[in-house]
Amino acid sequence: LITGASSGIGLELARLFAKDGYNLVLVARNRSKLESLGKELRSEYQVQVTVMVQDLVDPSTPRTIARQLADQSIIVDVLVNNAGTQVYGEFAEADLDEQLALVQVNMAALIALTHLLLPGMIRRGRGRILNVGSTGSFAPGPLNAVYCASKGAVLSFSQAIGAELTGTGVTVTALCPGATNTAFIARHGMQDVRIFRNAMAPGRVAQIGYRAMQRGRPIVVTGFSNQLQVLSFQLMAPFLGWTPPAWLMAIGKLFMGRTQANKTQVQQI
């Protein structure tokens, strides 16, 4: 089961799973894109594809998905929590409802789906969970404050339950990409945000995450430059205490800033 499967990393992961013979449950809000992808994967790889048009902003959606799976006797051996929302801009100026929706999609829905589907994996003694975090999981992000906070929670949650699941046959992998060249960059006018200048292709991110998940790796950061960035955060952590220094905040704001005027932008997969 893959959330946010209609575009970007989720779509590329769906193709990788289908190529390896997995039957799929694709979840997203865009019916036409989901149905088109389902038709493509059925035709090319002869796998079963179930489409669920659902909006994870609604807190009841994870339970609705679980009921639909039970009604159709679908057993989920792999859960990919990929769906995400991004609110870009100054925290004080961004719409509160949009930021709370981000928390619901990026954190609450991920936790709920994991809680609903994990017990079955434990009973069967097998399972894989892939949670999509970010390099923003490792440090605060000015102009991306709530997003980075939510992705930090995804990483912490993934590590914690991964430790709890030792010996059960179920593994948890946190995929932490840096800037990724998905459609929302152009759709929401973020081409001039500095961090997206050298964004990685979503297909490459998906491949790295897919391999790491199959190997049961707890964390994977995509790309050498992103790995260096995360390593620098980790090396400095013992010297920072709980409050990152001004230079780290300045660097974060520089990379997330625009080359021109800042605007608040919203993106949901």
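Which residues are linked with Glu12 and Arg15 in a network of salt bridges? Glu40 is the partner that joins Glu12 and Arg15 there.

This is a predicted model, in which local features need pLDDT of at least 70, side-chain atom pairs count only at pLDDT 80 or more, and totals for chains, interfaces and linings use all residues. Residues are numbered from 1 along each chain as its sequence is written, and side-chain values use heavy atoms, with hydrogens and water left out.

**View 1. Glu12 and Arg15 pair up within helix α1.** Their side chains form a salt bridge (a side-chain nitrogen of Lys or Arg within 4 Å of a carboxyl oxygen of Asp or Glu), with N to O at 3.4 Å. Both sit in α1 (residues 8-19), three residues apart, or about one turn of the helix; helices (H or I, at least four residues) and strands (E, at least two) are DSSP runs numbered from the N terminus. Glu12 is partly exposed at 23% relative accessible area, taking buried as under 20%, exposed as over 50% and partly exposed as in between (1.4 Å probe, protein chains only).

**View 2. Arg15 also reaches Glu40.** Here the closest N and O atoms are 3.0 Å apart. Arg15 belongs to α1 and Glu40 to α2 (residues 31-45), so this pair ties together parts 25 residues apart in sequence. Arg15 is partly exposed at 29%, and Glu40 is partly exposed at 28%.

**View 3. Arg126 bridges to Asp77.** The closest N and O atoms lie 3.4 Å apart. This pair links distant parts of the chain, 49 residues apart: Arg126 is in the loop between α4 (96-124) and β6 (127-132), Asp77 in the loop between α3 (61-71) and β4 (78-81). Arg126 is partly exposed at 41%, and so is Asp77, at 27%.
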